[in-house]
Amino acid sequence: MTHVIRVHEYGGPEVLKWEEADVGEPGPGEIRIKQTAIGLNFIDAYMRSGLYPQDELPFIPGTEGAGFSTALGEGVRALKVGRRVAYAGHMGGYAEERLIAADRVVRIPDGVSDETAAALMLKGMTAQYLLRQIFRVGPNTTLLFHAAAGGVGTIACQWASSLGATVIGTVGSAGKALIARSHGCAHVINYLEEDFVAKVQEYTNGEGVDVVYDSVGKDTFPRSLDCLKPRGLWVSFGQSSGPCPEFRINLLAQKGSLLATRPMLWDFITTRKDLVSTANDLFAVLKKGAVKVSVNQTFALKEAAKAHQAMEGRQTTGSSVLIP
């Protein structure tokens, strides 16, 4: 028997229950992983609370982790028992051991720790599609990144800076401002003390930015739109403060023929080819030192409720992992 965290009813962190489970043997095309580190992400809280309803209850949350293969199902040829692997985008991560389709994992390169891989996969591949696919960031890009001291923010801001972009980040404290500056932000705005729209206009000489990356939601909308130059792009990829209010699409025209998108990582790694390509791009920037991952908090898996309280209370910076 092994242990997992299950959610039997939607609610606050207290609904995360530590329970025994029987993992079983892998089926055709599957592998069994003994996990050594599990990524903690806001999407876990969205699923736990019911903001992102699941097909059925109970369920095991978590979409990101790392460990080593302990058994291979029929037809699995590309992996061996004992191989270090990581994944993102597959439910059931809050577990000491789990089953997963073999084509949904990637090998962890030498020199990358399991904790780094677990903290990197979902947030890092999110940064990859934001900067390299949704909008092609380069030396002529000026961008605004909300929550710049968070898990995705610290990765994406470093990456964007390495591409030559001018990065403006928002944070909620002086301590987080220091983190954002050390992770690629040329300008940092404390949104609790400063009007971020006014500061963006000041930093861009009234032109606005090319793209806004917004994972905050309710607290930053619609002011994020006012930071964009005409025909600029607003990328809404999360809602840590709550969902954005509904708006009439004419608002985009009124504010300068703006573009808007609400992407999800899963749609960028649907095929095996896309998954490997995205992960390889991520590991390449990690290897050359353009991106460094800060695992600033670790929690025992059985204390997942405590981890969720810290995350939702804005008490975490960088990345956090759960240790089975």
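The lining of the second largest pocket has, by class, 7 nonpolar, 1 polar and 4 charged residues. Here Ala, Val, Leu, Ile, Met, Phe, Trp, Tyr, Cys and Pro count as nonpolar, Asp, Glu, Lys and Arg as charged, and the others, Gly among them, as polar. Keep in mind that this is a predicted model: local features need pLDDT of at least 70, side-chain atom pairs count only at pLDDT 80 or more, and totals for chains, interfaces and linings use all residues. Numbering runs from 1 along each chain as its sequence is written, and side-chain values use heavy atoms, with hydrogens and water left out.

**Pockets**

- The second largest pocket holds about 170 Å³ of space; a volume is the space filled by probe spheres set on grid points, which are joined across faces, edges and corners.
- A pocket, on a 1 Å grid over the protein atoms alone, is an open set of points where a 1.4 Å probe fits, with protein on both sides within 12 Å along at least five of seven lines, and its lining residues have an atom within 4 Å of a point.
- Among the residues lining the second largest pocket are V4, R6, D22, E97 and R98.
- Strand β6 gives the most to that lining, with 3 residues, and both β1 (2–7) and β6 (97–101) supply at least two. Helices (H or I, at least four residues) and strands (E, at least two) are DSSP runs, numbered from the N terminus.
- The largest pocket comes in at about 920 Å³. Of its 44 lining residues, F42, A147, V152, S215 and S240 sit closest to the centre.
- Elements giving two or more residues to the lining of the largest pocket are α1 (42–49), α2, α3 (151–162), β9 (166–171) and β15 (319–323). The largest share, 4 residues, comes from α2.
- By class, the lining of the largest pocket splits into 22 nonpolar, 16 polar and 6 charged residues.

**Nonpolar cores**

- The largest nonpolar core has 55 residues, and M125, L130, L143, F145 and Y213 touch the most other members. Helix α2 (residues 114–134) is its top contributor, with 11 residues.
- A nonpolar core is a set of buried Ala, Val, Leu, Ile, Met, Phe, Trp, Tyr and Cys residues joined through side-chain atoms within 4.5 Å. Buried means under 20% relative accessible area, exposed over 50%, and partly exposed in between (1.4 Å probe, protein chains only).
- Leaving out residues up to four places away in sequence, Y213 touches L130, L131, F135, V137, L143, L144, F145, H146, V235 and F237; contact means heavy atoms within 4.5 Å.
- There's also a second, separate core of 20 residues, including V7, A45, M47 and M311.

**Helix α1**

- Helix α1 is largely enclosed by the rest of the structure, because 6 of its 8 residues are buried. The buried ones are I43, D44, A45, Y46, M47 and R48.
- Those buried residues pack against β1, β2 (16–21), β3 (30–39) and α8 (304–312).
- G50 follows α1 and has a positive phi, near 95°.

- Strands β8 and β9 pair in the parallel sense over 4 bridges, where pairing takes at least two DSSP bridges between two strands. T142 stands opposite T166 in β9.
- G164 lies in the loop between α3 and β9 and is partly exposed, at 36% relative accessible area.
- The C-alpha atoms of G164 and T142 are separated by 9.4 Å, with the two residues 22 apart along the chain. G164 touches G138 and P139, again not counting residues up to four places away in sequence.

- Most residues other than glycine have a negative phi, and most peptide bonds are trans.
- L57 and P58 are joined by a cis peptide bond, with omega about -5°; P58 lies in the loop between α1 and β4 (64–72).
- F221 and P222 are also joined by a cis peptide bond, with omega about 5°; P222 is in the loop between β11 (209–214) and β12 (228–236).
- A147, in the loop between β8 and α3, has a positive phi near 55° and is partly exposed, at 32% relative accessible area.
- R231 has a positive phi of about 65° although it is not a glycine; R231 is in strand β12 and is exposed, with a relative accessible area of 65%.
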